[in-house]
Amino acid sequence: MKRRRFIKLSAISAAGMVLPLRLEGETAAMPSLKPSTLITPNADFYILQIGDPAVLDAASWRMVITGLIEKPMPPLRLEDITAMEAVTAMRTLKCIGDPIGTEQMSNANWKGIRLRNLLEKVGPKPEAKVVVFRCADGYHTAIPLEEAMETETLLAYEMNDVPLPTEHGFPIRLLNPGNYGTKNPKWIVNIQLAAEHESYWEKRGWDPIARVKLATMIGTPSEGEEITGGKVYTVSGAAFDAGNHGGIKKVEVSIDYGQTWEEAEIWAKDSPLAWVLWKWDWQVPEKSEPVEIYARATAHSGVTQDEIGIEVEPVGATGYHMIDAAIVTP
C-alpha cells in the first residue's frame with residue numbers, strides 16, 4: 001500500500017521564516033542540480049535572526065570577556081582578533097526550526113580563530129561550566145565550556161574570503177560544530193563565563209543541547225514538478241549530520257514508496273562538518289502517473305534515517321524527505 005506523509009510540512013518554522021537557497025546566476029559546478037555547488041554564495045546563504053540585523057562599525061566595535069575568569073583583559077578590537085593565529089574551515093549551518101527537506105541549510109568557507117585561544121588568555125575559573133555569548137541584537141546563548149575549548153570551535157570574521165556580511169554576523173560570530181544555528185550566534189559583543197545560563201530559545205521551550213539531527217533534502221525535483229517520461233532525470237540534493245554520527249556514508253533514493261532503495265552518487269564533499277551533495281540518475285518510465293520520491297542518508301556510525309519523524313519543535317526535525325511529483329508523457 002502506498003505510504004504517504006500524514007502531514008504536509010510547512011515552509012514556515014516556529015523560529016522564523018524559511019528563506020530559499022537560491023543558486024541561479026552563479027558559476028555552478030553542476031547547474032542542473034540543487035544545490036549546484038558545494039559552497040553557498042554569501043548572498044544565497046540562509047538568514048535567520050530574532051529581529052533586524054545588527055549594523056556594527058568595525059572601528060568602534062569592542063568585545064569584552066567577563067564572568068568567572070582569572071585574568072581580566074581589556075576590551076578586544078577587531079584587529080586584536082584578526083592578528084591572532086587564523087584558522088580556515090568549511091562549515092554547514094542548519095536551523096533547528098527547519099522542517100524536513102526545506103532549505104535553512106547552507107555551506108561556506110570561513111576564517112577565524114579558535115575560541116579556546118582567547119579563553120586560555122583569561123583563564124576560566126574552576127566553577128565556570130558554560131560560555132555565554134551576548135549579541136548586539138539582544139540575542140544570547142550558551143555552550144558547555146568543554147565544547148568551547150574544542151579545536152573546531154571558532155570565532156569567525158570572514159565568510160567565503162570576504163569580511164562577514166552584516167546579516168551573517170559582522171564583525172564576529174561563533175561557529176560551534178555539531179549544533180544548530182541557535183548555538184552559532186552572530187554580532188557577538190560579550191563572552192561571559194558562568195556556572196549556568198538559560199538561553200534565549202531555551203526560555204521559549206527549545207532544546208538546550210541543539211545537536212544537529214541526520215538530515216537529507218531533495219533539491220530536484222521540486223514539490224509538484226512534472227517530469228517527462230521515457231527520459232533520464234537526475235534527482236539531487238544534500239545530506240548533513242554535522243559530524244554527530246561520523247559524517248554521511250551514503251544516500252539512497254526510492255521511487256516505490258520505500259520498498260526498494262537505490263544508492264545515489266556523492267559528487268561533492270569536504271569534512272563531516274560540511275554537507276555532502278548527491279545525485280541519482282533515474283530512467284523515468286513512460287507511463288503518466290503520480291510519483292513520490294524519497295531520500296534518506298546513512299551515517300558512518302550505521303544510523304539510517306527513518307520515515308517516521310516529523311517533529312520540529314523543540315529539538316529539530318528527523319525523518320527522510322519525500323517529494324510529490326508527476327510523470328507526464330512527452
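Over how many bridges do strand E14 and strand E18 pair, and in which sense? Select residues 232-240 for E14 and residues 276-283 for E18. The two strands pair over 8 bridges, in the antiparallel sense. Keep in mind that this is a predicted model.

Stay on this pair. Pick Tyr233 and look across to E18: Trp282 stands opposite.

Now widen the selection to the sheet. It is an open sheet of 4 strands, in the order E12-E14-E18-E17, with antiparallel pairing.

Next, colour E12. Is this strand mostly covered or exposed? It is mostly covered, with 6 of its 6 residues buried. E12 runs antiparallel to E14, and 5 bridges join them. For one of these positions, select Thr220: its bridge partner in E14 is Ser236.

Last stop: Asn179. Find it in the loop between strand E10 (173-175) and strand E11 (188-194). Asn179 has 5% relative accessibility, so it counts as buried; the cut-off is under 20%. Show its side chain. A polar atom there lies 3.1 Å from the backbone oxygen of Pro177. Then display what surrounds Asn179. Leaving aside residues up to four places away in sequence, Asn179 touches Glu147, Asn184, Ile209, Ala210, Arg211 and Val212.

Notes:
Residues numbered from 1 in each chain as written. Predicted model: local features only at pLDDT ≥ 70, side-chain atom pairs only at ≥ 80, totals over all residues. Heavy atoms only, no water. Pairing = 2+ DSSP bridges. Buried < 20%, exposed > 50% of the residue type's maximum accessible area, 1.4 Å probe, protein only. Polar contact = N/O pair within 3.5 Å; in protein donor to acceptor, adjacent residues only side chain to side chain. Contact = heavy atoms within 4.5 Å.
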